[in-house]
Amino acid sequence: MKKYLAEMVGTMVLTLMGCGTAVFVGCGEPAGVAATALAFGLSVIAMAYTIGGISGCHINPAITLGVALSGRMSWKDACGYWCGQFLGGIIGAAVLFAICAVAGVEMGGANGVANAGGVWGACLVEVVATFIFVLVVLGATDEKKGAGNLAGLAIGLTLVLVHLVCINLTGTSVNPARSFGPALFVGGAALKDVWVFIVAPLVGAALSAGVWCCLGGECKK
């Protein structure tokens, strides 16, 4: 249960800090894009060194899927992680919604498909971005071939990288829980299209698990 609670707290922090930066700093200018990208990456790094020893700090259902498909965790644990992550995403979005209400600022932080050319363009962006991100996670955390204590830094910086590329296309999800929470509070098109930011990252994660199994050659059945 501690692992699931850790995932909830970590996902809450990621959603609140990352989406909060997008809301209050904005992503209309290059400086805002860089700030938001750093906020998401730094949140992952901070949580990696806070709860990594408890749950591994997935704080992302796509990562959990990749880890489970690679045979590094049971499907029972994966389900517990997913529950904690989605709940954490909702809590983080709820806290951000409350802050926005008090500050008189419109709630934001949701993902969108319009700038990527529609649903299928957004799907392509999210599949590719999540594939790269989860592949780095699987490689960096591998017991024999990984980055050891530097894994959290490598993962956080990779998240910064994919955000820099994708923020102006989809808002960058690569994380179904981070997308679902804000969409609930923003509503409208964000909620209508949220399935894209749940399904596409999971597809990208599954592809990365298959590729890492070929590269690492040690995936468990």
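In this predicted model, helix α9 covers residues 196-216. At 1.5 Å a residue, the 21 residues of α9 should span 30 Å, and the end C-alpha atoms lie 29 Å apart, which agrees with the expectation. The buried residues of α9 are V196, F197, A200, P201, G204, A205, S208, A209, W212 and G216. An α-helix has 3.6 residues a turn, so residues three or four places apart point the same way. The elements that cover the buried residues of α9 include α3, α5, α6 and α7.

Two of these covering elements, α5 and α6, also pack against each other. Two packed helices are described by the angle between their axes and the distance between the axes. For α5 (residues 119-140) and α6 (residues 151-170), the angle is about 175° and the axes are 9 Å apart. Angles over 145 degrees count as roughly antiparallel, and α5 is therefore roughly antiparallel to α6. On the α5 side, the contact is made by A122, V125, E126, A129, F133, V136, V137 and A140. The residues that α6 contributes are A151, A154, I155, T158, L159, V162, C166, L169 and T170. By class, the residues of this contact divide into 14 nonpolar, 2 polar and 1 charged.

The structure holds 4 aromatic pairs. A pair of aromatic rings is described by the distance of the centres and the angle of the planes. One of the pairs joins W75 and W82, with 6.3 Å from centre to centre and 45° between the planes, a tilted arrangement. W75 counts as partly exposed, at 43% relative accessibility. W82 is also partly exposed, with a relative accessible area of 22%. Another pair is formed by F86 and F180; its centres are 5.8 Å apart and its planes stand at 80°, which makes the pair edge-to-face. F86 belongs to helix α4 (residues 75-103) and F180 to helix α7 (residues 176-186), so this pair ties together parts that are 94 residues apart in sequence. F86 has a relative accessible area of 24% and is partly exposed. F180 is likewise partly exposed, at 23% relative accessibility.

Backbone torsions were considered as well. Most residues other than glycine have a negative phi, and most peptide bonds are trans. I59, which is not a glycine, has a positive phi of about 40°. This residue is found in the loop between α2 (30-55) and α3 (61-69). The relative accessible area of I59 is 1%, and the residue is therefore buried. V174 also has a positive phi, near 50°, and is a residue other than glycine. The position of V174 is in the loop between α6 and α7. At 1% relative accessibility, V174 counts as buried.

I59 is also one of the residues touched by T11, which is found in helix α1 (residues 2-24). T11 is buried, with a relative accessible area of 0%. Leaving aside residues up to four places away in sequence, T11 touches I59, Q85, G88, G89 and A177.

Technical notes: Residues numbered from 1 in each chain as written. Predicted model: local features only at pLDDT ≥ 70, side-chain atom pairs only at ≥ 80, totals over all residues. Heavy atoms only, no water. Axes fitted to C-alpha atoms, helices over the stretch in contact; angles between N-to-C directions. Helix = DSSP H or I, 4+ residues; strand = E, 2+ residues; numbered from the N terminus. Parallel < 35°, antiparallel > 145°, perpendicular 65-115°, else oblique. Contact = heavy atoms within 4.5 Å. Nonpolar A, V, L, I, M, F, W, Y, C, P; charged D, E, K, R; others polar. Phe/Tyr/Trp six-rings, centres within 6.5 Å; stacked < 30°, edge-to-face > 60°. Buried < 20%, exposed > 50% of the residue type's maximum accessible area, 1.4 Å probe, protein only. Expected span 1.5 Å × (residues − 1).
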